[in-house]
Amino acid sequence: MKALLLLLVAVAFPAFAWMPEDFKPIMIERSGGLTENIFDLDHAIKVAQEKKKLIFIYISANDCSWCARYEEFLKTNKEAMKEIFAPYVVANLFVNTRGGAKPTFRIGGQIYNANGFRALVGDKAGLCYYPCFWALTPDLKQVRQQPRGATYYMTVEGHAKLLQSEKDVLAAQK
């Protein structure tokens, strides 16, 4: 009976990878039951404000093969990537796409669907493809328009080009 229960849990809630612990990600657990993906960003925002850092939001999904490739890339290149992520509080969100649920964000008690969140931060990239990335200031202004999908992020040099120059933005905020 115990083996059957474990099998049912494994099928209902498949294992998924997270961003490596080396980057000290804030794991933002979803709420909303099985049919919703509500992510409360308040803690990540507070930590970024306290540490005077930028926020890197990474969203992966249960059915995203590119997310798994990206997470494997991060594990393989941990040492080189630590410096690139150093000016950021890394927020890791995992979306359960079963039933067509899209991510929803809670910020300061307000709820934003994906389009509302994108409008709030100034994202003009169009649809959110998984994996999805945002580089934000602690007051949720987009530092730079980030490309969608993982192909731009599959090299250390690609990350450096997209994220390291954000150190200048952070320095200007101090």
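Rings of Phe, Tyr and Trp (its six-membered ring) pair if their centres lie within 6.5 Å, with planes under 30 degrees apart counted as stacked, over 60 as edge-to-face and the rest as tilted. This is a predicted model, in which local features need pLDDT of at least 70 and side-chain atom pairs count only at pLDDT 80 or more, while totals for chains, interfaces and linings use all residues. Residues are numbered from 1 along each chain as its sequence is written, and side-chain values use heavy atoms, with hydrogens and water left out.

**Aromatic residues**
- One aromatic cluster is formed by F56, Y58, Y70, F73, F85, Y88 and F133.
- The structure holds 10 aromatic pairs; among them is the tilted pair of Y58 and Y70, at 5.1 Å centre to centre and 55° between the planes.
- This pair links distant parts of the chain, with Y58 in strand β3 and Y70 in helix α3 (residues 65–76), 12 residues apart. Helices (H or I, at least four residues) and strands (E, at least two) are DSSP runs, numbered from the N terminus.

**Nonpolar core**
- A nonpolar core is a set of buried Ala, Val, Leu, Ile, Met, Phe, Trp, Tyr and Cys residues joined through side-chain atoms within 4.5 Å. Buried means under 20% relative accessible area, exposed over 50%, partly exposed in between (1.4 Å probe, protein chains only).
- The largest such core has 44 residues, and those with the most contacts inside it include F56, Y70 and F117. Its largest share, 7 residues, comes from β3.

**Position S60**
- S60 lies in strand β3 (residues 54–61) and counts as buried because its relative accessibility is 1%.
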